[in-house]
Amino acid sequence: MKSKREANTRFRLVLTLGLAVVVPALTLIYVNFQHVKSIQRGKKFEALIHRDFQYLLSNSANKINAKAYELTEQARDAFPSEADSDKEKRRKFDLLLDRSPWFAHAFFYDAKKGVIVQPHRAHTDEKELVNLDKMYSGWFSLEGPHLVEQLCKKPKPIMWYSGESDGPNGSTYTTTAIFTFPQLAKDRPVLGGVSFDPNYLKQNFFPQLLEEFTSQKLNDGSGQDSNEPEEQRLAMLVYMADTSREEPERPLATSAGWNGGKPEVSLSLDNPFHGLALGIKFQGTTAEAIAHRWVVQSFLILVVLSVLMIGGLVLTYRSVNKQVALARLKSDFVSNVSHELRTPLALIRLYAETLELGRITTQDKKNEYYSIIRKESERLSSLINNILDFSRIEAGRKEYDFRETDIAELVRNTLDSYRYQIEQQGFALEEHIDPSIPAVKVDREAIARALVNLVNNALKYSDSEKFLAVKLYREQSVLKLEVSDRGIGIERNEQARIFEKFYRTCDPLVHNTKGSGLGLSLVRHITQAHGGGVEVESTPGRGSKFTVWLPLAQST
């Protein structure tokens, strides 16, 4: 009946854990697992990174264009007036170009006066100057009025002509700004312009901007700044856009950390740098590798959470199972203690009433009854003392009175007080007490109770060969007290648990013999309080040997 009740309790526990914890937790883990799988299949993580790349490239392109417009407008504001002489125009051009090393040359076209081309002092080349003069003169004489008309229709009266050109050191990229002057009449074809220095674009303009862009933080889609790890720093380049090539084999400028290869995301630039493209990637990894690492980490987290959940459930089940078993042991304890209290009380009452009624006439019989009453009283006191000690220990209020004690005499006196009971039960007692053991500082009552508990166990659980041996000796700096019997013994898998409170072994004799299940637990607590311990050696069917050891060094 009891086991059926325990089975029902365990079933309700498992059902409660399953419905309240396991099913919701497993459902959540499964949903997260499928979510991560869908992210992996759809490459959504890479898409988030590429989206951020695209956003960064778009912002970078806008800043590049804004910078070029800003420099051009500053130059236009410093341009000479159409009323200035040619000499004055060239002087002002020299001042402008000296302050603006990013321009290779400047020019001024007036339909009435022709073209003035002024190169930067560092780029003076008579042949190139002649070619530029011819090119601008021919172009503006034909297209000047049309260009002015087009520029006047634009919000910013600036147009750009960009592309590759052959130079002394090979192919170079150039971009030239052509603009009108708002203060002049629209029907008068007057144009100005500046051409960016290809070397300055390659060595200063683009590299400086790329370093500024790559220092920005990129959101990796997980809500964290991913530029913190070194392998996830950004690298960018500006290269000649060529749709016929998959690899950017002609980079114009790169940021630090660009180690070649193909960019993750590219963006073609518009005016003023038509024909160029921006590319971006991570320095030490790729978006695909980051996504793979994120997926692996997510799966690992889910696995760890699953293991922790299963471990927690197992521990919870075991803990509750242990509490159920402890509740059963406490119930058995109450039943056993009640029986143990009732037995000596009934005997004391029976013999006392018999003596009181005067039914015993011989003195020897009276003495026998008095002895039985005394023995049962001692047994009752011992049981009550065990329960009181256990209660104090559980409440943390147990205190010990350590005094210098002749341990050999204490053991001998304790055995003498139980000698009659031992002999009455037909046990053969062997004593081996070393009289040379020095005095030790112990609690006399506690050590005596530990010895009594061990002796009582030996008496109760020896059904065939009734033998009891008590040995007290010194082994180096350790005092040892052994209590041996030839009783039922203890299984190996139960030897570590017999010192737990309320625990009793599965042997039928143990269950048929009433007891509180506190004796060995008290022995362990007493020995540990004295700085020692208790050990057991036992073979089922051949008996047990309990050894209490106390350190002599702490007692001197």
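Me: Which residues lie nearest the centre of the largest cavity?
Reply: This is a predicted model, where local features need pLDDT of at least 70 and side-chain atom pairs count only at pLDDT 80 or more, while totals for chains, interfaces and linings use all residues. Residues are numbered from 1 along each chain as its sequence is written, and side-chain values use heavy atoms, with hydrogens and water left out. A cavity is a set of points, on a 1 Å grid over the protein atoms alone, where a 1.4 Å probe fits but cannot get out; lining residues have an atom within 4 Å of a point. The largest one is lined by 13 residues, and those nearest its centre are Ile 407, Ile 447, Leu 481, Val 548 and Leu 550.

Me: How many cavities of 30 Å³ or more are there, and how much space lies in the largest?
Reply: Grid points are joined across faces, edges and corners, and a volume is the space filled by probe spheres set on the points. The search of the whole structure finds 2 cavities of 30 Å³ or more. The space in the largest cavity is about 100 Å³.

Me: Which element gives the most residues to that lining?
Reply: Elements here are DSSP runs numbered from the N terminus: helices are H or I with at least four residues, strands are E with at least two. At least two lining residues each come from α9 (444–460), β14 (478–485), α11 (519–529) and β16 (543–551). The top contributor, with 4 residues, is α9.

Me: How many residues of the lining of the largest cavity are nonpolar, polar and charged?
Reply: Ala, Val, Leu, Ile, Met, Phe, Trp, Tyr, Cys and Pro count as nonpolar; Asp, Glu, Lys and Arg count as charged; the others, Gly among them, count as polar. On that scheme the lining has 11 nonpolar, 1 polar and 1 charged residues.

Me: Where does α8 bend, and by how much?
Reply: Helix α8 covers residues 407–424, 18 residues in total. Its C-alpha span from first to last is 26 Å, close to the 26 Å expected, where the expected span is 1.5 Å times one less than the number of residues. A bend is the angle between axes fitted to the seven residues ending at a residue and the seven starting there. In α8 the bend falls at Tyr 418 and is about 50°.

Me: Which residues of α8 are buried?
Reply: Buried means under 20% relative accessible area, exposed over 50%, and partly exposed in between (1.4 Å probe, protein chains only). An α-helix has 3.6 residues a turn, so residues three or four places apart point the same way. The buried residues of α8 are Ile 407, Ala 408, Leu 410, Val 411, Thr 414, Leu 415, Tyr 418 and Ile 422.

Me: Which residue caps the N-terminal end of α8?
Reply: Look for a side-chain oxygen 3.2 Å from the backbone nitrogen of Ala 408. At the other end, α8 is followed by Gly 426, with a positive phi near 80°. The N-terminal cap is Asp 406.

Me: Where does α4 bend, and which proline follows?
Reply: Helix α4 spans 126–153. Its buried residues include Tyr 136, Phe 140, Gly 144 and Leu 147. The bend is about 65° at Glu 143, and the proline that follows within four residues is Pro 145.

Me: Is His 120 buried or exposed?
Reply: His 120 sits in the loop between β2 (114–119) and α4. A polar atom of its side chain lies 2.9 Å from the backbone oxygen of Leu 97. With a relative accessible area of 11%, His 120 is buried.

Me: What is the phi of Gln 476?
Reply: Most residues other than glycine have a negative phi, and most peptide bonds are trans. Gln 476 lies in the loop between β13 (467–475) and β14. Gln 476 is exposed, because its relative accessibility is 71%. Its phi is positive, about 60°.

Me: Which residues does the cis peptide bond join?
Reply: Go to the loop between β8 (265–268) and β9 (276–282), the place of Pro 272. Omega there is about 15°, and the cis bond joins Asn 271 and Pro 272.

Note on methods. Polar contact = N/O pair within 3.5 Å; in protein donor to acceptor, adjacent residues only side chain to side chain. 1 Å grid on protein atoms, 1.4 Å probe; cavity = no way out; pocket = protein on both sides within 12 Å on 5 of 7 lines; lining within 4 Å.
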